[in-house]
Amino acid sequence: MASDGREALYQGDNSAGQSIRRPMSPHLGIYRFRLSMVLSITNRMAGVFSALGTGLAVAWLGALAQGPKPFARAQKMAGHPLGQLVFAGWSVATLYHLVASVRHLIWDSGARFGKREIDADGVRALGATSALAGGLLGGFAILARRHRKGQTS
């Protein structure tokens, strides 16, 4: 019998409501949460957010095609701080999904499958995403500032 609290995890009920002793994987007690697990889950979430953001981009293009009035409405929503936050989140999600996909392509070639390499590449993927996102969002901020100055002068 384990005396470290794992015994409680083995207790359960069957479909008739009777108490039973459930089988449990012996690996659950020694399983450790790793960076690669977080990055894998985050990559899947980034893919979903990227796809949702693509829908927003298509809606923005649709407003552009419908004419000046719908496009002005779409621009107003995109220019709102909440809209800018959504676009920034979409950009970061898409960039992270891109970087993680390159990482998966490298794995598909059969390279860099060691534990140390996987951990080091995970940190590199986060750094690359941060650098790309910082550059992209900084560039957008500079362009927006220039655009506003051009409108006022």
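The model is predicted, so local features need pLDDT of at least 70, side-chain atom pairs count only at pLDDT 80 or more, and totals for chains, interfaces and linings use all residues. Residues are numbered from 1 along each chain as its sequence is written, and side-chain values use heavy atoms, with hydrogens and water left out.

Start with the largest pocket. A pocket here is an open set of points on a 1 Å grid over the protein atoms alone, where a 1.4 Å probe fits, with protein on both sides within 12 Å along at least five of seven lines. Lining residues have an atom within 4 Å of a point. The volume of the largest pocket is about 900 Å³. Volume means the space filled by probe spheres set on the points, with grid points joined across faces, edges and corners. Its lining counts 21 residues. Ala78, Gln84, Phe87, Phe140 and Ala144 lie nearest the centre.

Four helices each supply at least two residues of this lining: α1 (35-66), α2 (68-79), α3 (81-108) and α4 (115-152). Helices are DSSP runs (H or I, at least four residues), numbered from the N terminus. α4 gives the most, with 10 residues. By class, the lining has 12 nonpolar, 7 polar and 2 charged residues. Ala, Val, Leu, Ile, Met, Phe, Trp, Tyr, Cys and Pro count as nonpolar; Asp, Glu, Lys and Arg are charged; the others, Gly among them, are polar.

Now take the second largest pocket. It holds about 210 Å³ of space. Leu56, Ala59, Trp60, Ala74, Met77, Ala78, Gly83, Val86 and Phe87 line it. α1, α2 and α3 each supply at least two of the lining residues. The lining divides into 8 nonpolar, 1 polar and no charged residues.

Next comes the pairing of α1 with α2. Two packed helices are described by the angle between their axes and the distance between the axes. α1 and α2 pack at an angle of about 150°, and their axes are 6 Å apart. Axes are lines fitted to C-alpha atoms, for helices over the stretch in contact, and angles run from 0 to 180 degrees between N-to-C directions. Trp60, Ala63, Leu64 and Gln66 in α1 meet Pro70, Phe71, Ala74 and Gln75 in α2. Contact means heavy atoms within 4.5 Å. This contact has 6 nonpolar, 2 polar and no charged residues.

Asn43 sits in helix α1. Asn43 is buried, with a relative accessible area of 9%. Buried means under 20%, exposed over 50%, and partly exposed in between (1.4 Å probe, protein chains only). Beyond its neighbours within four places in sequence, Asn43 is in contact with Tyr96, His97, Ala100 and His104.

Ala144 belongs to helix α4. Ala144 is partly exposed, at a relative accessible area of 29%. Ala144 and Trp60 are 84 residues apart in sequence and 17 Å apart in space, C-alpha to C-alpha.

Lys115 is also placed in helix α4. Lys115 counts as exposed, because its relative accessibility is 63%. Lys115 and Ser36 are 79 residues apart in sequence, and 9.3 Å apart in space, C-alpha to C-alpha.

Last, look at the loop between α3 and α4, where Arg112 is found. Most residues other than glycine have a negative phi. Arg112 has a positive phi, near 60°. Arg112 is partly exposed, with a relative accessible area of 29%.
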